[in-house]
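Subject: Handover of a structure, with notes

Dear colleague,

I am passing on the structure below, and after it come my notes on what was found. Please read them with the model open beside you.

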Amino acid sequence: MSKRLLSLAILLLIVQSFNCVKQPQLETVIIHSAGIGCAHCEDNIKKAIYALEGVKEVNVDLEKKNIEVKFVPAQTNLQTIEITLTRAGYDANDKKRDPDAYENLDECCKHG
Ligand SMILES: [Cu+2]
């Protein structure tokens with residue numbers, strides 16, 4: 001094999017290994033939380049969930065009261081995200097909010 005071919009082969013190998021470490025496949029979940037009421041809730045929720053390792057994107061739908069989360073499955077999971085929400089004072093699907101965390105929310109965010 002000529003030197004030129006060899007370096008081409010090595011280059012190809014390097015390019016391929018880069019492709020392998022490219023963006024991991026993200027998982028998307030939608031969590032319903034009846035307690036979301038205002039933009040301040042949205043801030044609270046984003047702050048809490050973005051603090052988790054592996055979370056790439058959080059979108060809050062104030063009208064539908066849904067939270068969409070995109071994350072790396074190897075780094076976190078739905079249950080962890082739900083528990084994080086309850087600790088921030090918000091219901092998450094069938095999991096109930098932590099009552100103390102709810103009490104500590106700003107008055108504008110106590111939507112019942
Ligand atoms: Cu609020």
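Which residue stands opposite I67 of strand 3? The residue that stands opposite I67 in strand 3 is V60.

Before going further, please bear in mind that this is a predicted model, in which local features need pLDDT of at least 70 and side-chain atom pairs count only at pLDDT 80 or more, while totals for chains, interfaces and linings use all residues. Residues are numbered from 1 along each chain as its sequence is written.

Overall layout

The protein chain has 4 helices and 3 strands, where helices (H or I, at least four residues) and strands (E, at least two) are DSSP runs numbered from the N terminus. Read from the N terminus on, the elements follow the order α-β-α-β-β-α-α. The protein chain is more spread out than a compact globule, because its radius of gyration is 21 Å, well over the 13 Å that the globule rule gives for 112 residues; the radius is taken over C-alpha atoms, and the rule is 2.2 Å times the number of residues to the power 0.38. In keeping with the theme of overall dimensions, the C-alpha trace spans about 75 × 20 × 20 Å along its principal axes.

Buried residues make up 21% of the 112 residues in the protein chain, a residue being buried if 20 or more other C-beta atoms lie within 10 Å of its own, exposed if 12 or fewer, and partly exposed in between, with C-beta atoms placed from the backbone. Of the contacts with a separation of 6 or more, 56% are between residues 24 or more positions apart, and two residues are in contact if their C-beta atoms, placed from the backbone, lie within 7 Å.

The 3 strands form an open sheet in the order 1-3-2, with antiparallel pairing, and two strands pair if DSSP finds at least two bridges between them. Strand 1 and strand 2 are the edge strands, each pairing on one side only, and the twist averages 15 degrees from one strand to the next. Strand 3 is joined to strand 1 by 6 bridges, and strand 2 and strand 3 pair over 6 bridges. N66 in strand 3 is the bridge partner of D61 and also of H32.

In a regular strand the side chains alternate between the two faces of the sheet.

Helices and core

Helix 2 lies across strand 2 and strand 3, running at about 160 degrees to strand 2, whereas helix 3 lies across strand 1 and strand 3, at about 35 degrees to strand 1; axes here are lines fitted to C-alpha atoms, for helices over the stretch in contact, and angles run from 0 to 180 degrees between N-to-C directions.

Within helix 3 (residues 78–87), the residues I81, E82, L85 and T86 are buried. They lie on the same side of helix 3, because they cover an arc of only 140 degrees around the axis, the arc being that of the directions from the helix axis to the C-beta atoms. Their cover includes strand 1 (27–32), helix 2 (39–50) and strand 3 (66–71).

The largest nonpolar core has 17 residues, and those with the most contacts inside it are I31, I45, I49, V69, L85 and Y90; a nonpolar core is a set of buried Ala, Val, Leu, Ile, Met, Phe, Trp, Tyr and Cys residues joined through C-beta atoms within 7 Å. The largest share of this core, 4 residues, comes from helix 2. Leaving aside neighbours within four places in sequence, I45 is in contact with V60, I67, L85, A88 and Y90.

Loops

Most residues other than glycine have a negative phi. K65, in the loop between strand 2 and strand 3, has a positive phi near 60 degrees, and K65 counts as partly exposed because it has 18 C-beta neighbours inside 10 Å. N93 also has a positive phi, of about 50 degrees, although it is not a glycine, and N93 lies in the loop between helix 3 and helix 4 (99–103).

Finally, Q25 sits in the loop between helix 1 (3–20) and strand 1, and Q25 counts as exposed, with 7 C-beta neighbours inside 10 Å. Q25 and P73 are 48 residues apart in sequence and 7.9 Å apart in space, C-alpha to C-alpha.

With best wishes
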